Amino acid sequence: MPEYRKLKETHTFLELVQTPELAAEVTLQPIRRFGFDAAILFSDILIIPEAMGQPYHFRERRRRDGFAVRDRADIARLSVERVTERLRYVDKALRCSAKN
């Protein structure tokens, strides 16, 4: 969609996912354009492992993980502590979307 592409000119994918107002905007764009009566929150499946301590970023349109999870030692590097706190932006994006 052109509206999404315009946002991508000035924001990275991760900024769109992690900034509640931007995620809400991208979520609502199809509703405004096509008149849908429901939306799926704009997000990324990798926010869960990131919140557990496995960072990722995009480079040359490819995802790069901070580390691969291959064995028990890698799993031990992950933590569920503070996941809710680290994902607070998802709750905020849902609330922003609901307001609009």
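**Aromatic rings and a hairpin**

Searching the whole structure turns up five aromatic pairs, where rings of Phe, Tyr and Trp (its six-membered ring) pair if their centres lie within 6.5 Å; planes under 30 degrees apart count as stacked, over 60 as edge-to-face and the rest as tilted. One of them is the edge-to-face pair of Phe13 and Phe58, with 5.4 Å from centre to centre and 80 degrees between the planes. This pair connects distant parts of the chain, since Phe13 belongs to helix α2 (residues 13-18) and Phe58 to strand β1, 45 residues apart. Helices (H or I, at least four residues) and strands (E, at least two) are DSSP runs, numbered from the N terminus.

Before we go on, a word on the model: it is predicted, so local features need pLDDT of at least 70 and side-chain atom pairs count only at pLDDT 80 or more, while totals for chains, interfaces and linings use all residues. Residues are numbered from 1 along each chain as its sequence is written, and side-chain values use heavy atoms, leaving out hydrogens and water.

How buried or exposed are the two partners? Phe13 counts as buried because its relative accessibility is 19%, whereas Phe58, at 37%, counts as partly exposed. Here buried means under 20% relative accessible area, exposed over 50%, and partly exposed in between (1.4 Å probe, protein chains only). Ring pairs also join Phe13 and Phe58 into a cluster with Tyr4, Phe42 and Tyr56.

Now follow Phe58 into its strand. Strand β1 (residues 56-59) pairs with strand β2 (residues 62-65) in the antiparallel sense over four bridges; strands pair if DSSP finds at least two bridges between them. Opposite Phe58 stands Arg63 in β2. Two residues separate the strands of this hairpin, and Glu60 in the turn has a positive phi of about 50 degrees.
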